[in-house]
Structures are given as C-alpha cells and as structure tokens.
Amino acid sequence: MARAAKSALVLCMDVGFSMSNSEPGQEPSFEQAKKVIQKFVQRQVFAENKDEVGLVLFGTDGTKNGLAEDGQYENITVHRRLMMPDFELLEEIESKLQPGGQQADWLDALVVCMDLLQEETMGKKFERLNIVLLTDLNVQTSADQLDVIIDSLKKARITLQFFLPFPVDGEDRADGGGDGPGPSAAPVRPGKGLSRQQTQGLEMVKNIMTSLEEEDGLEEVYTFSDALQKLSIFKRIDRRPMAWPCHLTIGSSLTIRIVGYKAVTEEKVKKSWAIVEAQSHQRDDVKRETVYCLDDDNETEVQKDDTIQGFRYGSDIVPFSKVDEDQMKYKSDGKCFSVLGFTKQELIRRHQFMGSQVVKVFAARDDEHAAVALSALIRALDSLKMAAIVRYAYDRRSNPQVGAAFPCIKEKYECLLYVQLPFMEDLRQFTFPVLENNKKFKPSESQLSAVDALIDSMMLVEKDEDGESVDVFKVNHIPNPQFQRLFQCLHHRGVNPDDPLPPVEPWLKRDLERPQAVSARCQTPLQDVKTKFPLKVVVKKKEQKTSADVFGSSADEPDAKKVKVDEETEFNLAEIAKGNITSVGSVNPVRDFCTLIRQKTVSFDQACQQLTHRIEQLLGNRSPEYYMKSIACIQAFRDQSVSSGNAELFNSYMQSLKRSVPDRNLQELWDLLIQDALTLISKDEVDGSTFSKQDANQFLAFEQKEEVQAAPVQEDTGDVDDLLDMM
Amino acid sequence: MAEWREYYQNEDDEVEEDEEDSGGYVYTSKIISSDKDLVALVFYGTEQSKNPRNSFKHVYVYHDLDSPGAKHVQDIDKLQGEKGAQLAEKTMGSGETSLGEALWCCSNLYSDIKLRLSHKRLMIFTCRDDPHVGDSAKDRQARTKAADLKETGVVIDLMHLTKPEGFDVSLFFCDIVSPPEDESELGLQTEPCRKLEDLQKRVRAKELKKRAQSRLTFSLGEGVNLAVGVYVLARTATKPPAVRLYRDTNEPVRTKTRYFHAHNGGILLPNDMKRAQVYGKKQIVMEKDEVDEIKKFDDPGLVLMGFKPMERLKLHHHIRPALFIYPEEEQISGSSCMFTTLLLKCSEKNVFALCRYIPRRNTPPRFVALVPQREELDQSQTQATPPGFRVIFLPFADDIRTVDAHVGPTASDEQVDKMKEIVHKLRFKYRSDAFENPMLQQHYRNLEALALDMLAPEPIEDLTMPKVQMMDDRLGPLVQEFKDLVYPPDYNPEGKPAAKRKPAESGGGGAEKKPKVEMSEEELKNHVEKGTLGKLTVPVLKDACRQFGIRTTGTKKQELIDALTILATRLNAN
C-alpha cells in the first residue's frame, strides 16, 4: 500500500566563505540557508514520517566523504548519513553548523550526494530520492562532467531542488503556487549584480533542471526567502483515510456495494501530554491513584471492586451493573447504510448537521456494476434536488445514526456525501424574543444603508480581470494554528530547554487577521457604522465578590474565631492524652496534629506531612466550611513550626500552595490567609528561616492584584456540561 | 457558590381524582427530563383530608413537594385502573369541592420549602369547567387565592381534559390561570400552556434550560463591538453518566485522584509535576501553564473577517454541530439593533459573515460562518426557528483528508430515470425531530423497569430501522426493473466481498493465534536505532512494553513507540 511510501533526501549546503558575505542590512546567505535547513528538518521531525535525511556540507575546512582521493572532492563533509531526522540533528544544526573558510565546487558536492544516496539506499525501498542544494553558486565550477552527472541522475531517478539567494529569472518569479492568502514576499536581490561565476552557475542550474524535467524544471528552484515562508508552515498531519466497505440498501432486495471514506473531520493532535515529575522529568516517578471513598466525615476508602454503577432515576439511584447494562442495552445488528426514504434537500437544514465528520461514499472499487447503480442514484437525486435519509451504523458495536446522503457530482467523479442528522433528544427547542418586528430595535433607513455599505466593502470574494470571482480568504487552505503554534513551541523548547516560550510567528498571526485589502476598504463604512449605531457597554452593578461577602462577616471576627479554635484545642487536649492518636485524622486535624507533636509519637516531619496531606484534602472540596478548617490547620502548622524552630517545611509548603492558587482557583482561601496574616515564617521568628520580615509580608501582598483580574472571568462559566463537552 | 440551588425548579401538580393517569405521565417524564425538580401531588374534592396542619377540608396532599423517585411513580400506578379507583375511593373518597382551599394549601406547601425555587408552577388537572356549580362565594375565594399565588411568582396552568360538550375555559378558569407569559418587553410569542396530549407523549428526553453557553463580544473592527450570547440548540444527547455506588449499602461514593511519587510515596502537588511529549527521540518538557499558554492566541470573542456569498459555504465543510447567537442587550446596549440590522442585510444580500471564534480562555481559534436566520412561525403562530445567526464551524486545511476518488462508469439516462421512479415512490417529508435515538430510549426504559420493579422494560419502537416490508410494497416491480437495467444476470452484489475474504481466512487457517514472540534487548535496540519500531503491530508493541516492565498509559501506537524508545536510550546509557 502507498502508506509505507517514504523518501530519502540529502540536504547539501554550501558553507563556503562567499555564503557569509552580504550587502549591508541583509542577512548573509549562510544564515538564510541555515534557517531553511532548520525549518525543513523541524518539519520532518514533527511530521513523524519514515523519511530519511542526510546532510552534506561543502566549503568546509575539513574533508570527510567517501569519494575524497588524491585531492579530489576536497572540502566536502558528509555531516550525517541517511537517517530518520531527530532532535540530535536539529541541535547539531543549531550549534555546530558554522560557516567554513573554503570554497568547493557545487557540482562535486552534488556527486558526493548522489554517491551517498546510492550507497545508503541499497536494498531499501524508497519512493523518492531527492537532493536539495543550497548555494549562492559563487564558485568556479568545472562543467565538463555535466552531461555525465545529468545522465546518472536520470538513471538513478534522483530529483533535484535548488535553493538560491536570488531568483532564476529576475522578472517572472511572481507566478507559481501563489494562491496563498499572504502577500508575496518582498523582492529579494535583483537579478543584476551577480558575479561572473554566479551567472555561469545559474546557466548550469537551468541546464540541469530543464534536462531533468522538461517543462516544470525551473519550478523546483526556489529563493531562500520564498522557501522560508513556505517551510515555516508545519506539515499537514497526513492521514490516509480508512476504507469502510458496506452495502447501500433500498428495501429488501436492492443492494449496491459501496465504500465510505472520512473526507472531513476535525484533526486532533496526535500525541497527548504525559505527566512527569518536575525535577527528574521521569514519567515513571509519578504514580496516579484513584480512590473511592464514602461521603462521610472520615472519607472512608472502599475498594473499587466493592463498588457498582448506578444511574439516577429521579431522587433515587438505581443500581445497574455494567453486566446488566450490556445485556439489556440496545443492540444494533452490524454495519449498515440503509435508505429509509428520500426527501427534498431544502428540508434538511445546514445547521442541523450533527456529528463530527462528512463521509464520502463511492461504489466499491473495480465494480463497474455497482458504479453504474450508484451513479443512477446520485444523478437521480441530483436532478430531483433530493437526498436520501439513511440509517448508518459503523459496525456492530457502534450506535446507529440517522443521516442524510447528498448527491455530489464533480467533473472527475461522483459520490454521495453522508452527514449525521439529529435525533429528537439532541434538539433543544428554545424560543427567543422577536427581533425584526420589534419597534425598539427597528433599524432606520440610514442604519440599514450603513450596514449595506459595510457588507459591500467587506466581501471576501473578488472579481479578477477575467470576471471570475476569487475567494481571498479560504479557511480550508489555512493550516490549523493550534498545531503550528504547538510545534513551534515544542521545537523551541527542545532546542533551548531553558528559554521561555517564543511569541506566535508573525505569519501565523497574519493568517488569522482580516486581509489587509479588506481592512483598508472597510475603513470609511466602519466609521459610518460607528457613528450611526450607539453601542455602549453596560456597567455592571454587581460588585466584585469579596471574601467577606462569601464568608459572611468573617472580616469582623477573625480574632474571635481564632480564639475559639485555640480553646477547642486546649480543651480537648486532656481528653486526648488518654486516647492514642497515631495520625492526623480528618475530623479534627488540628487537634491530632498538636497531639502528635506534643507526644512525639511520630517525627515532626512526618506529622507535618500528614497535616499537609489533610489540608490538600480539605482544599480539594473548595467550600467555605472546609476553608475555615484548612486555615485552622495552616495556623496550627505555623504555630507548631515556630515553637519547634523549624521554618523550612512550613515555608516551602506555603510557597507551593501559593503557586497553585491560580490553578486550583483558591483565591478566596488566599484572601482569608491575608486577613489572618498567615504568611511565611521570617528570620525574626525562627533563626533558620531564609526570609526576612519584609519578604514574609510581601509574600501575601501581590496576589490581591491578580484576584481582580481573575474574578470577571469566572462569571462566564455558562453551561458547565457544555464546557466539559467541548474540552 | 450556591448555584445548584438556584436552578432547582419546582412544579406542583394538582390532580383531580379521576385523572391519575396524567399525573403519572408527568412524573415519569419529569424524572428523566429534569430530575432535580420538586413535584407534589394534591387532590381536591376528596372526602378525606390530609394536609400539613389539616386545616383544609377536602384537600388531600398525596405527595409533599419532593424530587420524584421510583416510589412516587409506583404510588401513582397503584391508583390506576379499576383497582386503583377502589383504592382511591377507600383512601380519599369523594366529597365537596373547593378550589380556593386547595390553592391555599398549595401556597402553604410552597412556603414550607426552605430551598430557593427559581420557578414555581401549578398545574390543575380537571374536567369540570364549573367546579363550584354556581357557588359564587367559593368562586371568589378561589380567584383571590389564585391572585395571591400569582403574585408570589407561581405560574398556574390548566390541563383540562376533554369533556363531551366541550370545556369552557371562559366560565371560570380564565380568571384562575396565569395569562400567556409575556417574556419581557421584547414581546415573545409563546404558548405557555402545554397541552395534555403533549404530556401524555411521555417524552423521555432530558430537558435543558435555555441558557447561554457563553457571552462574548462580537467585534466588527475599529472598536465597533456588540455583545452576543452563544447557545447550543443541538448537541448529541448521551446517556447520563453512571454514579458509582458502594456495593453493601448502595450509597454513592466519591472518587479522588492523587498523584504521588513512585519512590518516596510523597503526595505530588500540581507544581511538582510537569508535562512532556516525545518527538525525534527527545522528551520535551513544559510547565502546565505553558501548555495552556500555547493554546492562547487572543481573548475570547468573535471577530469579523468579512462576508461571502452563501454559495461559498460548502455542504461538506462540516466538522461540528452548529451553535446559535443572539444579541445581549444587557451587556452592550444597542447590540440588538446592530444585530438585527446585520441579520436583515445579510439575509437580504444572501451572504454569510466569516468570523474568527475563540469560545473561551486558552482556546485556539476556529473560523466560523455566521449564517443569517430570520424568525419563522409555524401554523399555530409559535416560533419554529428563532431569529439570529447560526454559527457553522469551518474546517482548516488539516481537517480535510485526501480521498482517492473511485472513478467508474456513469449511468445512462434510462437507468437514472428508473431510479427517479424509485426515489419518487419513497419520498417523505423529513422532520428533524422525527427520529428518536433507540439507544437512549432503551436505556431510559431499562432504568424505568429496574426502578419500578417491572418484569421487563417497555418495548421501544426503533424508528431508525427501514420499514422494509412497506418499502417493498410501494416499489413493487420497480426494483427488479432497475436491477435488470444496471446489473448483469449473474451479478450478486452481496456475494462478492465474502468470496474475497475466504482465501485470506483459509490461507491463515493454520495460525489461530500467533505465538507470542519475546523481544530481546538487542532486538529492541536494533529497532530503535533503525527506527523500525513503527513497523510492528500495536499488540506486539504492547507485549514488549509489558515484557520490559514499562507502564504505558496511552494505547496510541506513537505513545508505545515513544515509551520503548526512551527505554532503549536508557539501556544504551547503562
């Protein structure tokens, strides 16, 4: 199958001294070429295909290649033999690829590459062999072997690509695959000003390329800047669609053999993030444990095997084991694509499309009878403007769907397009207040004409010279920015582990913006709209939620409360002395903790660890009563730490707690800590502390600003289950 | 913080004694549609009296306000049929009718509830249009009580039952029930009174409150911003999630997930952990925050890119169910006017608006088409489609797969015409709410059967199955005629693939199951060096992982390969 197809490719870069020359204000060719190579390899690494890449440098100070003999093929280095590209190669390019001080003949380098390709691909199967040459051609070449080289390239079916600092033809380089939305690159260096060697070299390049591929040969010659722009787009995640053979049935006796393919579906990132330990970066150091516990005070843990599943039925929960559920559940009888009937296309509204995919349905391959039968159906539907409503089931295990199959007739092929339609349960019949005939919102004539003009000025479809309309903003040509950004960041972090993340690439940002021409055109109409429509942000009367509002009048009585906690602790001590407390429980962790420290049943470290464990547990609940309990624990933790002169554990816990505040939404808790001035233990209190009094005071302070920023965001949480679904 | 309470809804049913059936329907459908609602059942015109302070005569509170459960349904079931009528006679009897007393009792039920109710509703089931038979004092009392109730925000609905000579609402009940709901000044056209037939349909579908998924700014550029609410009008309904119960007591259990250090056993806090991915044999590590930051491009909102003619919206550019937007006057005043103007103009010019859409923080953008939709009413003047823009998600380049088209011969006009006849015979009017999801319906009935101790669940009608018999009858000889036109006599469309499968099966007949091949360390290193791990199958890779004692969370092939690659590099290092 075509799936295993892979190619072998040698990057051949000129590092000779002329590459480092540049006109003032311009990036040297060397740097440009290096970037091209980096981007290229980076794409390969993230595309994770099986292609193998080699790297040959010429113009190097040293010589290292299989052909070097008797002063021939000097200053050419095979830097890396054919291998699947990895980060090592990227790192090497980043750090070790330096300009050389010599010059070497690029034709010689080409020969070395050919030799490398032939030697390394012996006995392996490659779909394509390719050499990529990056050079400024600024070197004397001996053209006498040219014909021999062209011949052997042809014989070995090796293709060539050239990347040069200047365009092949000074004038016409604008054409080519210029359907992208971005404006074409600013002109590079003009075709003039080339040295004699370069002019000569250029002729040879043309010669080689046209003799390898008669017509389109020159299209494989790129400039560095063009290439950079194209290469900065990470490779599309390429997936071969799986064939889904099935039968289309109409009634009991009309059957057509078909094959379906997913044609459009939201592509997800291939890999998920693994969790690793922060210091060791080892995945195995993190163990994840899910425990089941009863909803009582002790949070009694129970074994997973001792639990069964149930479903809510009103106020009751009906136990309904997995086994029973499987036994009683709806069973479909295998894959199917059965027509339920035909309906007018206009009755199927575009916004009712469900599911996450569009399936293209063809007749079975190489079955001309099926092709004719399906074609009859497609054409009949097309001319009647109708669609088939079908029951679709992917296989025995999947639930059936009801969907529509639309006819699709293209110049080259015909097929059905299948889309899922909603079930009654999927629809939400909400009604919304009237807009059009509402006097309050009725637009005036001038408002209508302002919007009319705005729409006209912002059309993304334009007429070109031939009167054909051209779409200037094709979403289906834009790469998914999420992947582009992810790979950019992964690459950056991979090469520079200690750097912060880079900003979004400018071209990517540009791709997501309104096209410049449209922006310019709509300026005046937009201003007009702005003056004709009064739009005012309504100032919310709702005040910012403060912790005092949440916890009642706690701000007024923190003292009282603290006393109460203390009293309770003291009061209970006598009683506890009798009982044997061995660990910090969840009912009264403060009491348990103080007892443990006092009795010295366990070490101070251990007691603290148990306590922090309880605090974490309490914070997991995120509700006011538990916050008070957590605060009491933190208070006790601090008090005991001060009295035993050990500040380290407490301070480090507080720091980690602070870091997790935004993540776990604990701003409210933090505010309480501020109120109670529960901050780090300073030097003044415990000698061993590494914090000054000022540090400790500031520790709590800055968080207040953040709260103001974070608060409004919480308001738009909306439909919680919707959010979860979409994540 | 107490939002769960605010969403509690409350419905109060008042059922006249000969109409228990309807009460039962309300219960069973309520249980599935919104299981947190509180429902009470009160009978009036009874002989016996039973109410909190027993201060009302001839009013029998059968169920106090509570979220309905299986017990309630069973109680109601007992009142049904011949036997049920006897039981009802025995427990409650039939006596004098005073609607006023009953309403008073209901208002007490409401006030006894400590919870904050967002919505109170009282449904009166009756077949008597003149309950007090001319007793004007009682009529007056009922009217006053009804007015009191309405003042406290209770909506009173009449669920009247058919009566031979017709039910005359104007006689008495027009003064009792709430006037058609007038939703704000925007002038909503609604028909709040749901008909009894609707109730009897026993809808087993979860009901959802009309609530915006999010409220966003819709920016036209140059600081022209309006506010819109985003609504979900269609979303694939799934089985409600299962609850885990403790086997011994059937009480629900909570789950807690903790991370701890594999070596020292210490609990790992969120910032003791980082995120990692492996590419090109290298593990790349990031903080959790950074992983979020990568996904951030801009603040949430809709940003207008421009407009395109409707025909540019391709049928096959579909990746997700559509959303719906409607102006939010409360956030930016003037939004409704701006929105309406856009809606009118877009629909008049037959264009859609192309926007960049970021639904919430740290979410990458998507492009969407805003398709104008003007309000449509159905025959009974209720809203069939609401006014607003539909939000259609558009695919990026990565979302479109390259499919090698199958090219085959095409049909002749004669063949197409025959198919047209077939299509013609089988046409029907598609309605989006015509099909129930058989999987869900079966699940709900199973639950019902278990909860109510029924012997077997009520059978479902699978509407997704083709009605083959009917289709064959309608088509008659057409199918054979079509087949004669397109298929040669010896062609069997169902036979071929089976024939193709056979040789494969017989060829591999000897090998039922491949014996497990153990992979040596050398082999593993070899594979990693040559990058040939990808050639192995997932089961082989899994076996290898197990054999080398690697814990794999992922089942994706790439993750298995990555895990093995890391292992090999570690082996090499040692």
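Predicted model: local features only at pLDDT ≥ 70, side-chain atom pairs only at ≥ 80, totals over all residues.
User: In which crossing does α9(A) pass α13(A)?

Analyst: A left-handed one, where the near helix is turned anticlockwise from the far one by less than a right angle; clockwise would be right-handed. Contact means heavy atoms within 4.5 Å. From α9(A), residues including A:Ala450, A:Val451 and A:Leu454 meet α13(A) residues, among them A:Pro525, A:Leu526 and A:Val529.

User: Now strands. In what order do the 3 strands of the open sheet stand?

Analyst: Helices (H or I, at least four residues) and strands (E, at least two) are DSSP runs numbered from the N terminus, and two strands pair if DSSP finds at least two bridges between them. The order is β11(A)-β10(A)-β9(B), with antiparallel pairing. β11 (301-302) of chain A and β9 (253-261) of chain B stand at the edges, each with a single partner strand, so one side of each has no neighbour in the sheet.

User: Over how many bridges do β10 of chain A and β9(B) pair?

Analyst: Over 9 bridges, with β10(A) covering residues 286-294. Within that pairing, A:Arg288 has B:Tyr259 as its bridge partner, and A:Leu294 stands opposite B:Val253. β10(A) and β11(A) pair over 2 bridges, with A:Cys293 opposite A:Glu301. Their hairpin has 6 residues between the strands, and A:Glu299 there takes a positive phi near 45 degrees.

User: How many salt bridges does the structure hold over all chains?

Analyst: Look for a side-chain nitrogen of Lys or Arg within 4 Å of a carboxyl oxygen of Asp or Glu. Over all chains there are 43. Take B:Arg366 and A:Glu266, at 3.6 Å, N to O. B:Arg366 lies in β16 (366-373) of chain B and A:Glu266 in the loop between β8 (254-265) and β9 (274-277) of chain A, so the pair joins two chains.

User: Are B:Arg366 and A:Glu266 buried or exposed?

Analyst: Both are buried (under 20% relative accessible area; exposed is over 50%, partly exposed in between, with a 1.4 Å probe on protein chains only). Another pair, A:Glu436 and B:Arg374, meets at 2.9 Å, N to O. In this pair, A:Glu436 counts as buried at 18%, while B:Arg374 at 36% counts as partly exposed.

User: Which residues are linked in a network of salt bridges?

Analyst: A:Asp452, A:Asp456, B:Lys345, B:Glu348 and B:Lys349.

User: Last one: with which residues is B:Gln415 in contact, leaving aside its neighbours within four places in sequence?

Analyst: A:Val372, A:Ala376, B:Phe482, B:Leu485 and B:Val486. B:Gln415 sits in helix α10 (residues 413-425) of chain B and is buried at 11% relative accessible area.

Methods
Residues numbered from 1 in each chain as written. Chains lettered and ligands numbered in written order. Heavy atoms only, no water.
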